[in-house]
Amino acid sequence: MKTKILTSTLWVFFIGISVLFSSCDGFLGIMPKGSKTPSTLADYEAFIRDEYTNQRTDITQAILLLNDKFETASNYNYYPLRKANYFWDESANRIELNNSDETTYYNGYAAISSCNLIIENAASATEATDAERNELIAQAKVIRTVVYFVLANYYADTYDEATAATKLSVPLIESADLNASYTQVSIQNIYDYMLNNLEEALPYLPHEGATVLHPTIGAAYAMYARIYLEMGNYTLALQNANEALTENSALYDWTAYYETNKTQIEDATSYTVTTSPMGIDNVENYYFRHGSNYYATSESNIQVDRVTRFEAGDARMAARWKLKTVGADTYYASTLRGLFNYGGLTTTEVYLIKAECLAREGEYADAMDVLNAVRQKRILPDVYQPLSASTEEQAMEYIRRTKDNELIFSIVPFADARRFNKETKYTRTLSKVVDGTTYTLTPTSHLWTMPFPMGATSNPGNGTLTQNVDK
Amino acid sequence: MRKKIIVLCGMALMLLPGTHEVFAQNVGRASGITIRGTVSDVDGEPLVGATIRIANSKIVSLGTITDMDGKYSMSVPSESTVLEFSFVGFANQTLRVGARRILNVVLKTDNQLLDEVVVTGYQTISKERATGAFSKVSGEKLQEQRLNSLSTLLEGRVAGYANGLVRGTTTMNGVTNPLYVIDGFPVESTRYTSTGSLVENIPDLNMEDIESITVLKDAAAASIYGARAANGVVVIVTKKASKGKVEVSFSSTFTFSPYSFYKDRLTSSADVIDLEKEWAEKNPNLQGSNAVSYANNLLENRVYTNQGITAILNAYAGNTTQEEMNSTLNTLSAKGYNYYDDVKKYTKTNPFYQQYNLSIGKASEKNNFKVSLTYKNNQYEDKYSDDSSFGLNITNSTDITDWLRLDVGTYTKYTNATTQTYDPFSPGYTYMPYDGLVDAQGNPYTSTAESRYSEDIVNKINSYGLYSMDITPLDEIGRNLGKEKNFLNRSFVKLNIKLADWLKYEAMFQYEYGVDRYNKLSDKESYSVRSKVNGLATASADGEVTYNLPYGDINYERRQYSSAYNFRQQLNFNKTFAEKHDLAMIFGSEIRSTKLEYKDETQYGYDREMLTYTPIDAASLLTIYDGLMEGYFYSSDLSYQRENVDRFVSFYGNAAYTYDDKYTASGSLRWDRSNLWGTDSKYQNKPIWSVGASWNINKEDFFHVDWVNMLKLRLSYGIGGNIAKNAAPYLTAYYSTNSNVGGTQGAVSSRPNPELSWEKTATTNVGFDFSLFKNRLNGSVEYYDKQGSDLLANANGVPTEGFGYSTYEINNGEMSNRGVELTLSGDLIRTKDFLWNVNLMYAYNKNKVTYVNVEAPVYYLQLDYPSSYPRVGTPYNSIYGYKWAGLNEKGLPQVYDENGEKTTTEPTSLDAIYDLGSTVPSHTGSLGSSLQYKDWQMSFMLIYQLGHKIRNTDLPYLQSDYNNSMDEYMTSIGAVNKDIKNRWRTAGDEAHTDVPAVIFAESSDYYYGSYSVYSYADINVLDASNIRLSNISLSYRLPQTFCKKIFLKNARFQFNVENLYTFAFEKKAKYLLGGYNSPNYVWGLYLNF
């Protein structure tokens, strides 16, 4: 009896164990929910919609250097780097002050890494046609180009044909792997790389993206125009601007916005906000990309003297800021809230690129027509007068005023200023007086190039990183 | 009580290697005189499994054990034979046979010997043969205190257990708490928080059911638990009924804890008014001609909303006279701690906790049944916060045949709790000590929208007719109460088959199911609903208001389901060969699965009568960017979901060989496989193992020391594993809904890490156990060295590779814990009426990170998240800070930068940041004593923790907060530590004070980083060493004679005081250590029928 029990129990035990072994994989194959390993094309496409990582451009120090925003004393006292740039302090060692992370760099390379991940994996992603795969890869290439343009025009010298091949730009990294190698390439290399990305992308881009975060053909042409303008190749810049405008030439009517919200805008004591029309639905968007915030928020406040550089009757300005005094501070406070396309590409920019190219080629009237097309949608009808120019300088003066105001808080005014700093006839020295002290920023100042953050230089990974500026 | 122990020990003994089967076989073999009799305890209860053998005989087989009725019979060679009667937990007795043929023996308990067996959860082994480090707390010891929570039971009772950790911190990113095992089954009480992170809780059980708690500390003891062994294992055994009559016991405790708020450390109304006056005096904008318009502007914009500054500004603005201002300020100044007093008077109550326990047990020869019931009712200090719970535990054990035993059990707990969600200490507006919760007439105080919002916003509320933004705290506290209803059931069945005397098969299965339900119905009258609805209201250009969120009650429901099952089968082998070679082995397999599902949901415009709600257009709510009161809607305002599944398959075995009861060698081996992602199969197959040896020195023939009753040396070495529940070897991404453009957005959560594996902690343990002077002094000394390797440690991500400043985890961390533990227990006096026992525990732990390849990418991460960026050569739980350099000539705090120079701005170099000591005490332990005289017993326990640090967060400093009106950081005036009175005021003060000057935001010296400079300086890292009188108890047992009259077996009254006093080595640390919390007063009544 006992032996029987013994044998049969042992059998049960061993059968039990072997069943456990064989069913082990199924039992343990269960994957926790909430995250997964991407495999389908849709899994990769979702990265494009991750606005926090891949769809924002922070250029805080550039905006501060241009004095385009009102900065509180408590802030610049707390952040010495902000103070150095805001007060154009050439003696400050900004390399030491930029002693940790910097979103411009960190977030820029995070977006590049996501694009690299898509480009490396989308070709083998499942549940998609080749056309869909190619389209996603092409879109990632455009985004990568948009990001490199900001990095190259922030951390390195501006493009100059004579020196581009010898001066260093920013790290070029093409893999999303851990410990991937990279090279800090020359300025010429990085521009070639950007143009090459656009060229590879163009055949596969759609006329209309799945969302405004997905670059289109128009976005690629607009980006071409921006790069060629930066390189001083006005012919190609104009050609691509025209291509972009063929895709989309709509301009948003700010005078109509003003009219709709007139009561609120003209009530000097009410700071009730209205919704930003510069968000994802704006007709001017080729490609939408946030500034430093990826969520709905207000804009930066601007200084009283910055407002004087706007044209009289500028509805866009009046809708965005209102004079406010709180305590001892007086400034123009933001009155819009929502999303803002600071980092992407819009028709306004392409119009103004086209205007500049025409002006450079001596077509002043055509240039002014293009500029006036934009102004007409900005300047209130009772103030609006079409502009005309008889010299390149005059045309450029008008175009630049509009462009600096229209594209405020984007990389464009900063990149433009650096570009003009190379041309004797368009250089400007900025100056201001604060509490009796005069501050100036010369066109040749080293401050126009930002130092890499120390977090990147001290932990360079599989490559070397050299500062492009001494301090 | 004692009887239960007896039966338990008897049962435990049956599971032991060798023992009764061996004896039984030999009964009657020796010819001679046959002796019969009964062995019982002093109460006349028979002792089952007591051993009778011929004294001084080395031959074990010449003996027998008592049967289920405590009866025995055996043959002895002659009348001169001396018999030795022994039973676990009782003092041995020897008798000469003489002419008698019936020998009835009464054994007396020996408390000191109760520790004779250790229960590992997989097997019960005799302490004599154990090679590992076990610490056992018997249920009897626990009587001295209120049985309220498991964590407080172990504190001070197990050397090396402190603050929920066993022998220090052994992991950086994995699970840190020990594994809890109840009656053989691991019970993990993991839950999701409402923000989606996992927390490990201590499992539930009826505390009065605890028979003993054993803490497994080293590898030989714990390795059998495999991948969860590194943090130690806490094994709980519950009580069984003892044989005989039905046993009924009842107990109740009432605990009273007076409400306390240590307001005396704070600045009073007068101090705050002084600060407000100083603000005005120092404000450059209030000097000169612009003062009037400036004062008006501040009032209009409600930059400062406190009564004091408002009164001052009104005078500057010309709205009131100087006299009116002074009289207002004087009135406010005289209000002392009015706000705190009102909070106490109107919103708080004295916490009162009730607990009742009833248990009924009945055991017969073949069956053992027990049921226990615990009811708790707690009233917390918040007037509306209370809970009650009901726990029912039923167990039954039946011998179906003499070779088959079936155990079943079930535990059910039901909890019902109400939580006040409105906190009068963060009422939704800033308050000062002079404020109150009622006005002069005694009506509830209302903070109006006008008093908080700028004129612009108040106009907006009025012109658009938005819902009131007033807050009346006394109305709010009773609104939006959180209602929690939790249900938990845990049931098991165990089958035990005796295949042979030396071989047993066990199969056991446990299923656990829990539902946690939480419901918060936010009343439409409440401020939170009004502000939420207003926040999302929009206006069209022509002034028409749309409430995008319907105005009405908001119903928030949260459900959490947990289910787990565990199946184990095991073969137990026990055999003694040639009388001296004892071999015990187990082999088994185990599968375990736990699943956790979390879901919450919010319904708007809820009708509590009709149970209906108003559907909302979530997609458009998510894109409201121009709410009139700047509100946002998040997808989590709709619903939130989480799920976690952990599965394990394990195979294990261990073996122990003992020679002649003197030498024992043991070994264990276990494989774990799991679905947790961090387990590439190559690493899953890494076994976890241990080896150990022990030597019972006192059993050696050469050892003749009369006063040494027991002396044992133990050695062990082995590996313990640990897991991290959220690491993965592959590229993983998480996905969510994009509210701006729609569709799914995805982000990389971790990059591929193919080398991910278990964490490994190798422990070497050397221990001595001893029992001296007739077992009056017992103790053990342990030395351990735990070397953790392959610990999941942070590594810096390369910014250029796109990591940002985030880190990733790789198995490259190494950390060591070394320590010594000493446990001493002595009966200083042991007479018939008088017993004085003293217990001393001491544990030393030194933790050191020995390898890690990470450096804080930003200085403030080193300060704020030190455990993410440990430094090699320092303790893992270090506090980091700057070196203090005194105040400068303006009273600004200074520290030394990386070059050793004084600075008033935060040094941003890691070289300026130092390790200032660990938050984990290096010396811990307790001193306890109990004094028993006849029916009275008094005991106390002191718990000490020494050699650690705490950062002072209660600083005499006005911090900066973001001011919405000014759109920048500003000094926030309010109640802080009253040491601010000793602050720097004039030049030269820096020589004799370390309390910085008050610098207001309007000053040109204002730098909002000053607080960081000051608070991170080493002067604000305090010695946290403390001694706490954690428990005092006085109990009285009713005399037996009296009990009998009222049909009681025994009755006990007990009075306890918990946490009566805390002595902090550094005075400033006392508040931070909770030293001013009021003690708990406990009255208890314990009855046995």
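**Salt bridges, cores and the A–B interface**

Start with one pair. Asp130(A) makes a salt bridge to Arg133(A), and the closest N and O atoms are 2.8 Å apart. Keep in mind that this is a predicted model. Why can these two residues reach each other? They sit three residues apart in helix 9 of chain A, so about one helical turn separates them. Asp130(A) is exposed, at 55% relative accessible area. Arg133(A) counts as buried, at 15%.

Next pair, also in chain A. Arg428(A) and Asp404(A) meet through their side chains in a salt bridge, 3.9 Å from N to O. This one links distant parts of the chain, 24 residues apart. Arg428(A) lies in the loop between helix 20 and strand 11, while Asp404(A) belongs to helix 19. Arg428(A) is partly exposed, with 30% relative accessible area. Asp404(A) is buried, at 16%.

Now chain B. Asp672(B) and Arg670(B) form a salt bridge at 3.1 Å, N to O. Both of these residues are buried. Salt bridges with shared partners join a set of chain A residues, including Glu356(A), Arg360(A), Glu392(A) and Lys425(A). Over all chains, the search finds 66 salt bridges.

On the side of chain A that touches chain B, helix 1, residues 2-28, gives the most, with 15 residues. In total, 89 residues of chain A contact 87 residues of chain B. The buried area is about 7300 Å², and carbon and sulfur atoms give 60% of that.

Strands also bridge the two chains. Strand 1 of chain A runs antiparallel to strand 34 of chain B, joined by two bridges. Lys36(A) has Ala733(B) as its bridge partner there. Ala733(B) in turn has Val748(B) as its partner in strand 35 of chain B. Strands 34 and 35 of chain B pair antiparallel over six bridges. They form a hairpin with six residues between them. In that turn, Gly742(B) has a positive phi of about 85 degrees.

Last, the cores. The largest nonpolar core has 143 residues, and Tyr148(A) is one of those touching the most other members. Helix 9 of chain A gives the most to this core, with 13 residues. Tyr148(A) touches residues including Tyr109(A), Val170(A), Leu172(A) and Met194(A). Apart from that core lies another, of 73 residues, among them Trp884(B) and Phe1000(B).

Notes: Residues numbered from 1 in each chain as written. Chains lettered and ligands numbered in written order. Predicted model: local features only at pLDDT ≥ 70, side-chain atom pairs only at ≥ 80, totals over all residues. Heavy atoms only, no water. Pairing = 2+ DSSP bridges. Helix = DSSP H or I, 4+ residues; strand = E, 2+ residues; numbered from the N terminus. Core = buried A, V, L, I, M, F, W, Y, C linked by side-chain atoms within 4.5 Å. Buried < 20%, exposed > 50% of the residue type's maximum accessible area, 1.4 Å probe, protein only. Contact = heavy atoms within 4.5 Å. Buried area = accessible area lost by both parts, 1.4 Å probe. Salt bridge = Lys/Arg side-chain N within 4 Å of Asp/Glu carboxyl O. Lists of a residue's contacts leave out its neighbours within four places in sequence.
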